[in-house]
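The entries follow the order in which I worked.

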Amino acid sequence: MPRDGLNAWIPTDSFDTSSFARVERFPQEFGDVTRRDLSLFSARNEQVSGQIAVLSDEPISELSCSVTDLRSESGGRIAAENVEVRYVGYVPVENAHSEFTWSATFEEVTGDVLGTRNPDLVGDPLLEVDGVSVPEYEAQPIWFTVRVPDDATAGTYGGSITVEAGDQETIEYDVELDVYDVAVPDPADYEFYLDIWMNANAVAAGHSVNPQANDVKPWSKRHWELIETYMRDMAERGQKSITTTIIHEPWQREWLGGEWRPQTEIGYDSMVEWQYDGESWSFDFSIFDRFVETGLAQGMGPDIAAYSMLAFRGEQRITYVDEREGERVVWRGQAGEPFWRESWTAFLESFQRHLEEKGWLEQTYIAFDERPAELMAEVVDLLEEVAPVFVDRLHIAGSMEVEDVAHNLSPHYGELPIDQDVVDRRRENGKTTTFYTAGGQSHPNTFAFSPPAESRMLPWISALNNLDGYLRWAYNSWPRDVYENPVFRYVQGDEYFVYPGEDGPVSSLAWEQLTEGIEDYELVHRLREQSDGDSPELREALQLATRDRDAREKDLRDIVRAKQIVLEALA
């Protein structure tokens with residue numbers, strides 16, 4: 001420790017880069033514990049974050065923090081209520097339990113093991129509490145997020161942060177915030193296409209007092225109340241798509257021993273009930289309707305992604321209630337077989353009529369996850385025959401080999417850069433092109449132990465490649481007890497950005513940094529429009545922000561300098 005008693009420092013020695021890194025629970029290095037000044041900069045109508053780390057050689061009974069209003073010399077005021085104070089929580093570290101060797105490991109992603117090995121720990125959830133107790137010799141980061149109002153006047157604002165550590169000393173920091181005369185649009189108006197897949201069933205399981213018993217029943221009143229809070233959180237980040245399921249368990253795969261079951265501990269129920277009497281099909285869309293209506297009411301969308309006409313892996317499966325027996329049965333077979341075509345024909349015809357009645361047809365896409373071209377050809381063949389309105393409404397996370405049939409296409413990060421002529425042609429035709437990262441990729445990524453700067457870089461990478469946004473396969477597909485057992489199968493955090501709280505989502509370092517990266521993207525987009533292309537200043541900013549994508553080796557001030565270049569060019 002630098003000194004006896006209470007120590008407080010900025011983790012990266014610069015407050016405006018401090019949110020790009022994780023603080024070890026048992027730090028090996030400390031910043032300047034005598035420094036008492038903090039500085040940030042921002043546009044209007046955006047959020048900006050920083051963190052302070054605290055550690056003492058005595059237990060801290062209650063660590064708490066207060067913030068004053070921020071005021072400028074010209075009389076401007078940013079109220080203290082616009083500064084959110086959260087405390088970084090620590091969860092155990094585990095490597096993936098995947099049977100496959102492609103899963104990124106902790107050592108590849110972050111290097112040295114953190115903690116005591118009993119267990120090792122990583123700071124990730126952002127706890128919304130008034131204060132925390134801190135054991136001796138354990139670091140506790142305090143996370144600050146300033147939400148700058150849209151009507152804030154440009155200028156330099158000053159205030160203070162006071163850190164109280166029980167009966168130990170009180171530390172006060174001076175805070176300076178430079179606000180540029182540039183505004184980020186509201187999330188509903190973002191150009192960035194954010195597509196993070198929500199697991200509605202996991203919301204119920206994650207909020208059950210007994211997760212094994214799942215006592216928050218799916219589609220109960222309590223479940224719907226919770227779904228609203230998660231949808232609101234996604235909408236506040238600019239989520240453009242509502243993830244719905246039109247078959248039972250779209251994401252199954254084969255496990256050791258040959259059993260087929262969901263690839264996440266909590267799977268996905270179908271939001272549409274399929275029924276068959278031996279001659280004709282009927283469909284109950286009531287849960288689907290309420291889910292979409294709830295998402296739109298909370299500000300998500302406008303797109304609706306319906307998963308899926310093709311199972312994620314293996315044989316095709318259609319789960320339905322056989323009205324002759326009154327039992328749920330599962331048909332298994334291949335795409336293109338007579339029963340597959342018959343059942344999907346009935347569904348598509350009914351689905352189209354229903355969407356037309358609801359006024360949602362123009363915003364609904366049939367969605368697919370990593371399905372090859374030969375299977376997509378079977379889908380397109382059937383659509384052309386029975387529901388041609390959907391032929392140009394396919395939303396595909398996969399490879400460039402299906403580019404010609406995808407309205408919304410999201411190839412893997414490894415396929416970047418995409419031919420710019422292809423991206424331009426797609427955009428001219430009203431199509432969307434994003435990219436995604438997955439569990440086998442060590443850097444950049446959004447795992448629970450990835451350097452947070454990598455989440456911040458992802459929207460910059462999209463901007464560098466002139467793409468429309470970013471896709472990630474899981475917003476909240478937690479294991480049943482994510483705080484104690486954070487890995488079900490894949491890399492820790494590969495399955496989720498947020499954690500379950502008492503009444504809704506608990507954010508994470510990656511989720512906050514992705515949000516702030518999206519705001520950066522919006523500023524880049526505005527500068528492109530203003531400059532009618534990529535100016536020399538913008539090209540410099542894009543290169544700075546996206547170089548050294550293994551953030552352990554990156555100069556974190558690259559991102560700060562890149563954003564300053566963009567803001568100064570705009571202002």
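This is a predicted model: local features need pLDDT of at least 70, side-chain atom pairs count only at pLDDT 80 or more; totals for chains, interfaces and linings use all residues.

**Entry 1: backbone, positive phi.** I looked up D13 and found that, although it is not a glycine, its phi is positive, at about 70°. I located D13 in the loop between β1 (6–9) and β2 (37–44), and since its relative accessibility is 44%, I count D13 as partly exposed. I then turned to D532, which is likewise not a glycine and has a positive phi of about 55°. D532 sits in the loop between α9 and α10 (536–546), and with 74% relative accessibility D532 counts as exposed. I noted these cases because most residues other than glycine have a negative phi, and most peptide bonds are trans.

**Entry 2: backbone, cis bonds.** I checked the peptide bond leading from L416 to P417 and found it cis, with omega near -5°; P417 belongs to the loop between β24 (408–411) and α7 (420–428). The bond from H443 to P444 is also cis, with omega near -15°, and I placed P444 in the loop between β25 (432–436) and α8 (452–464).

**Entry 3: salt bridges.** How many salt bridges does the structure hold? I find 40 of them, and I looked into several individually, recalling that side chains of opposite charge can pair when their charged atoms come close.

I began with R237 and E512, whose closest N and O atoms are 3.0 Å apart in a salt bridge. R237 lies in the loop between α3 (221–236) and β14 (241–245), while E512 is in helix α9 (residues 509–531), so this pair ties together parts that are 275 residues apart in sequence. Are the two partners buried or exposed? R237 is buried, with a relative accessible area of 7%, and E512 is buried as well, at 0%.

Next I took D534 and R528, which form a salt bridge with closest N and O atoms 2.6 Å apart. Here I find D534 partly exposed at 31% relative accessibility, whereas R528 is buried with a relative accessible area of 16%.

I then examined R561 and D555, also joined by a salt bridge, in which the closest N and O atoms are 3.5 Å apart. R561 counts as partly exposed at 30% relative accessibility, and D555 is partly exposed too, with a relative accessible area of 38%.

**Entry 4: surface charge.** I looked for charge gathered on the surface and found a patch of negative charge formed by D186, D189, E191 and E529. With a relative accessible area of 45%, E191 is partly exposed.

Key:
Residues are numbered from 1 along each chain as its sequence is written. Side-chain values use heavy atoms; hydrogens and water are left out. Patches are made of residues with over 30% relative accessible area and no salt bridge: like charges are joined within 9 Å, nonpolar side chains (Val, Leu, Ile, Met, Phe, Trp, Tyr) within 5 Å. Accessible areas come from the Shrake-Rupley method with a 1.4 Å probe; for residues, only the protein chains shown count as cover. A salt bridge is a side-chain nitrogen of Lys or Arg within 4 Å of a carboxyl oxygen of Asp or Glu. Lys and Arg count as positive and Asp and Glu as negative; His and the chain ends are not counted. The place of a charge is taken as NZ of Lys, CZ of Arg, CG of Asp or CD of Glu. Buried means under 20% relative accessible area, exposed over 50%, partly exposed in between (1.4 Å probe, protein chains only). Helices (H or I, at least four residues) and strands (E, at least two) are DSSP runs, numbered from the N terminus.
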